[in-house]
Amino acid sequence: MPLPAHNTHTPARTVFLRLAGIIPIILFLSGWGFHAHKTINYYAVFALPQPLQTFYQKHHEEIRELAVRPDQMRNTNPAEAPRHYIDLEYYLELSGFQPGITWEKIRKLAGDSVYQWGTLPWTIQHTYTKLVDAFRNQDVSQIIWWSAILGHYVADAHVPLHTTVNYDGQLTNQHGIHALWESRIPEYFSHQWDSIVGPAHYITDLNDWIWQIILTSHSKVDSVLHTERLAREQFTGNTDTTILTTYSERRIPSRAFCAYYDSLMNHLVERRWRKAIHAVASIWYSAWVDAGHPTLPGMPSATSPTHH
Ligand SMILES: [Zn+2]
């Protein structure tokens, strides 16, 4: 299915300031941040059952590095952007729309608006079929490629702000909340989180599973926005700090403020992060099972995998 473009979902609000006390950090602005996408794919491998885990571990570095490729593709392919999000409010207003609706039906119902409103749930389904095909063909490089790409989209679906038209708080004067939520907080704190989840499970109804993730993410949107407003009202320290990027200085939310916001949210970022790791492992595992659990290079051959 062709999936054309629209605005970038991660506006980088750059403020140039000449201030002392600059922290040198290289910034990555995208989906979950680059750091988060790589780490989610990386830890998903540990949630896989054998013999699949052995296979993925042989390609651990590629799985991690390719995790950010879909965000990089946005720069060169205008069709890429809408694959990363869904502005669910638009769809919910559409007469005849139901969560779980097929791609064919939503194309009839919404026309080309889907490329403005985002195609994330259908992109995950489509990418899943690519991965199943790659497993069927026992094509190792394709398996690794589509696993990494699929991991990216599944991770994006766990971010509440990827499921709303108010994706950067731009409608409620909360600009910058997108990067705060999915880049700053993981970059500051993910090393403290428990990223070992598991074990992966077989997904019996993929469409329903995808939509549960989307709807759960969407159900957190109000709380994500409301709590940030509350945090800014209540926090007494410096909400921002200045950092040095490759080419400029920028103001970003401070570590102390992020910690405060995160605790007010009852660590929602970490909880969605852990769910994302488990979901990525589960969808890889399910693709392998649906392909007939082929034996792949590096796997022990005498295995009897089950569906659970
Ligand atoms: Zn993304």
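The buried residues of helix H11 are covered by, among others, helix H8 (120-136), helix H9 (140-157) and helix H14 (268-290), where helices are DSSP runs of H or I of at least four residues, numbered from the N terminus. The structure is a predicted model, in which local features need pLDDT of at least 70, side-chain atom pairs count only at pLDDT 80 or more, and totals for chains, interfaces and linings use all residues. Residues are numbered from 1 along each chain as its sequence is written.

Helix H11 comprises 14 residues (206-219) and reaches 20 Å from its first C-alpha to its last, close to the 20 Å expected at 1.5 Å a residue (the expected span being 1.5 Å times one less than the number of residues). Its buried residues, those with 20 or more other C-beta atoms within 10 Å of their own C-beta, placed from the backbone, are Ile210, Ile213, Ile214 and Ser217. Because these residues cover an arc of only 95 degrees around the axis, they lie on the same side of H11, the arc being that of the directions from the helix axis to the C-beta atoms. The face turned away from this buried side carries Asp208 and Ser219, which are exposed (12 or fewer such atoms).

Two of the covering helices, H8 and H14, pack at an angle of about 50 degrees with their axes 8 Å apart, axes being lines fitted to C-alpha atoms over the stretch in contact and angles running from 0 to 180 degrees between N-to-C directions. H8 is therefore oblique to H14, a class that holds the angles left after those under 35, over 145 and from 65 to 115 degrees are set aside. In this packing, Tyr128, Leu131, Val132 and Phe135 of H8 meet Ile283, Ala287, Trp288 and Asp290 of H14, contact requiring C-beta atoms, placed from the backbone, within 7 Å.
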